[in-house]
Amino acid sequence: MSHSRRNAPPMLEFLLEYDRVVEVGVGRRTDLAAALVASGVDVTATDVHRRDVPDGVRFVRDDVVDPDPSVYADADAVYARNLPPELHRPALEAARAADAEFLFTTLGGDQPAVPVERRTVRDGTVYVARTDPSGRE
C-alpha cells in the first residue's frame, strides 16, 4: 500500500528516518504503523489492550507507565499519537532507557509535559522530546 505525501499520516515523514520504531498506545489507528512498514521501517506497536495490527507490524501488550524495557531496547525512536499529558514523561523515560528518540502528538490543546522541540506538520505539531538527560529541565 503506497501513500502519497498529501494523504500520508502527519508523523510519517519524521519517522522514515529511523530503522526501528515503537508506537506507544496504537489503539485502533494503525494507518501510520502500516505506512511505516510499507516503507521498510521495522515497527512494534504497543497498547495496554490487545489490538489487531496490520501485517508486518509486531504487537506487544505493554503499559508505558510500567514498561517492559525489552520492548523498547532496539528502537531508534519511540512515538505516540494523541498522547495524554500524564503519559508524556513515562514514554520519554522508556525512550531514554532505550537511547531512542521520542516523538509525539497531543490531543486538542494539550501542551507537552516534557521539554520538546516543536515541528510543524500539515495537521498540527509533532513534538520531539529531548532524550539526552543533560537536556532535562
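Charged side chains and their setting

A: Among contacts in the chain (heavy atoms within 4.5 Å) between residues at least 6 apart in sequence, 47% join residues at least 24 apart. The model is predicted, so local features need pLDDT of at least 70 and side-chain atom pairs count only at pLDDT 80 or more, whereas totals for chains, interfaces and linings use all residues. Residues are numbered from 1 along each chain as its sequence is written, and side-chain values use heavy atoms, with hydrogens and water left out.

The chain has four helices and seven strands, in the order α-β-α-β-β-α-β-α-β-β-β from the N terminus. Helices (H or I, at least four residues) and strands (E, at least two) are DSSP runs, numbered from the N terminus. Of the 137 residues in the chain, 47% are buried; buried means under 20% relative accessible area, exposed over 50%, and partly exposed in between, with a 1.4 Å probe and protein chains only.

The salt bridges come next. A salt bridge is a side-chain nitrogen of Lys or Arg within 4 Å of a carboxyl oxygen of Asp or Glu. By this rule the model has six salt bridges. One of them joins glutamate 23 to arginine 81, with the closest N and O atoms 4.0 Å apart. Glutamate 23 lies in strand 1 and arginine 81 in the loop between strand 4 and helix 4, so this pair ties together parts that are 58 residues apart in sequence. Glutamate 23 counts as buried because its relative accessibility is 0%; arginine 81 is buried too, with a relative accessible area of 12%. Glu23 and Arg81 also belong, with Asp31, to a network of salt bridges.

A second example is arginine 51 with aspartate 47, whose closest N and O atoms are 3.5 Å apart. Both arginine 51 and aspartate 47 are buried. In the bridge between glutamate 117 and arginine 119 the corresponding distance is 3.0 Å. Here glutamate 117 is partly exposed, at a relative accessible area of 40%, and arginine 119 counts as partly exposed at 31%.

Aspartate 62 is a buried residue that has no salt bridge: the nearest side chain of opposite charge, arginine 61, is 9.3 Å away. For charge, Lys and Arg count as positive and Asp and Glu as negative; His and the chain ends are not counted. Aspartate 62 is in the loop between strand 3 (57–61) and helix 3 (69–72). A polar atom of the aspartate 62 side chain lies 2.9 Å from the backbone nitrogen of aspartate 68. Beyond its neighbours within four places in sequence, aspartate 62 is in contact with Thr46, Asp47, Val48, Pro67, Asp68, Val71 and Tyr72. Asp47 in that list is the partner of arginine 51.

Two further aspartates sit in loops and are exposed. Aspartate 74, in the loop between helix 3 and strand 4, has a relative accessible area of 55%. The C-alpha atoms of aspartate 74 and valine 22 are 9.2 Å apart, although the two residues are 52 apart in sequence. Aspartate 99 is in the loop between helix 4 and strand 5 and counts as exposed because its relative accessible area is 72%. Its phi is positive, about 60 degrees, although the residue is not a glycine.

Two parts of the interior complete the setting. In helix 2 (residues 31–38), Leu32, Ala33, Ala34, Ala35 and Leu36 are buried. The elements that cover the buried residues of helix 2 include helix 1 (12–15), strand 1 (20–24), strand 2 (42–47), strand 3 and strand 4 (77–80). After helix 2 comes glycine 40, with a positive phi near 95 degrees.

The other part is aromatic. Rings of Phe, Tyr and Trp (its six-membered ring) pair if their centres lie within 6.5 Å; planes under 30 degrees apart count as stacked, over 60 as edge-to-face and the rest as tilted. The structure holds two such pairs. Phenylalanine 102 and phenylalanine 104 are stacked, 4.8 Å centre to centre with 15 degrees between the planes. Phenylalanine 104 and tyrosine 127 are tilted, at 5.4 Å and 35 degrees. This second pair links strand 5 (residues 101–104), which holds phenylalanine 104, to strand 7 (residues 124–129), which holds tyrosine 127, across 23 residues. Phenylalanine 104 and tyrosine 127 are both buried, and phenylalanine 102 counts as buried at 0% relative accessibility.

Definitions and conventions:
A polar contact is a pair of N or O atoms within 3.5 Å; within protein, one must be able to donate a hydrogen and the other to accept it, and residues adjacent in sequence count only if both atoms are side-chain atoms.
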